[in-house]
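Please consult the sequence and the structure shown below while reading.

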Amino acid sequence: MIHLYNHWVCITNYNPWLFPENPTGIWHLYDSLQAPESYVHLLSNVIRRFTDGAHCNINYVIMPKQSGTSDCGLFALGYATALCLEINPATLIFDQSRMRQEFNQMVMGHEVHLFSHELSSITPQCLSYSIDHFGPNDA
């Protein structure tokens, strides 16, 4: 999970559902506000630290859009939790009306589980962004 311009997203280089062969240099972005154009350039700075300046691709996985603007952190946490449980986040539609209450219960109960959700019948779609990194002095 990463915080970019007052917005939380989930980015990972682990996603066996979209790319089972798990090639290097591919990152997967999950964003509940569906606005990657506004911050994808910032992600290149973050990814640069993990890839030693190598070229990489970001696959923006199109997710259901959240209502409002204040629950993106809960969605990013839900996506990260799904990945940890080896569940494809793109197959989940979280019940936003219950997320904050469920998060509070998890914190109070010292436990982590998936937020309430339905399964999506839609095949996940992606947009690809190619990131050419610069050297440390070229940023």
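**Basis and confidence**

The model is predicted, and local features need pLDDT of at least 70, side-chain atom pairs count only at pLDDT 80 or more, and totals for chains, interfaces and linings use all residues. Residues are numbered from 1 along each chain as its sequence is written, and side-chain values use heavy atoms, with hydrogens and water left out.

The predictor's confidence in each residue is given as pLDDT, on a scale from 0 to 100. The protein chain has a mean pLDDT of 83, and 84% of its residues reach 70 or more. Over residues 133–139, pLDDT stays under 50. For this segment the model has 12 contacts beyond four places in sequence, a contact being heavy atoms within 4.5 Å. Where pLDDT is low, the predicted coordinates should not be read in detail.

**Overall architecture**

The protein chain contains 3 helices and 7 strands. Helices (H or I, at least four residues) and strands (E, at least two) are DSSP runs, numbered from the N terminus. Along the sequence, these elements follow the pattern β-β-β-α-β-α-β-α-β-β.

Of the 139 residues in the protein chain, 41% are buried. Buried means under 20% relative accessible area, exposed means over 50%, and partly exposed lies in between (1.4 Å probe, protein chains only). The chain exposes about 8000 Å², of which carbon and sulfur atoms supply 54%. These areas come from the Shrake-Rupley method with a 1.4 Å probe, and for residues only the protein chains shown count as cover. Among contacts between residues at least 6 apart in sequence, 70% join residues at least 24 apart.

Two strands pair if DSSP finds at least two bridges between them. Strand β2 (residues 8–12) pairs with β3 in the antiparallel sense over 3 bridges, and I11 stands opposite L29 in this arrangement. Strand β4 (residues 56–62) pairs with β3 in the parallel sense over 6 bridges. Within that pairing, N57 of β4 is the bridge partner of I26, while V61 of β4 is the bridge partner of Y30. Strand β4 has 5 of its 7 residues buried, so it is largely enclosed by the rest of the structure.

**Salt bridges**

Side chains of opposite charge can pair when their charged atoms come close. A salt bridge is a side-chain nitrogen of Lys or Arg within 4 Å of a carboxyl oxygen of Asp or Glu. The count comes to 2 salt bridges, as listed here.

| Pair | N to O distance |
|---|---|
| R100 and D71 | 2.4 Å |
| E102 and R98 | 3.3 Å |

The pair of R100 and D71 joins distant parts of the chain, 29 residues apart. R100 lies in helix α3 (residues 96–109), whereas D71 lies in the loop between β4 and α2 (72–84). R100 is partly exposed at 44% relative accessibility, and D71 is buried at 10%.

E102 and R98 both lie in helix α3, 4 residues apart, which is about one turn of the helix. E102 is buried, with a relative accessible area of 7%, whereas R98 is partly exposed at 42%.

**Cysteines**

A disulfide is a pair of cysteine sulfur atoms within 2.5 Å. The whole structure has 0 disulfides. For C10, the closest cysteine sulfur belongs to C84 at 8.4 Å, which is too far for a bond. C10 is buried, with a relative accessible area of 3%, and C126 is partly exposed at 31%.

**Backbone angles**

Most residues other than glycine have a negative phi, and most peptide bonds are trans. Q34, although not a glycine, has a positive phi of about 55°. Q34 sits in the loop between β3 and α1 (40–51) and is partly exposed, at 34% relative accessibility.

E86 also is a residue other than glycine with a positive phi, near 60°. Its place is the loop between α2 and β5 (92–94), and E86 is exposed, with a relative accessible area of 55%.
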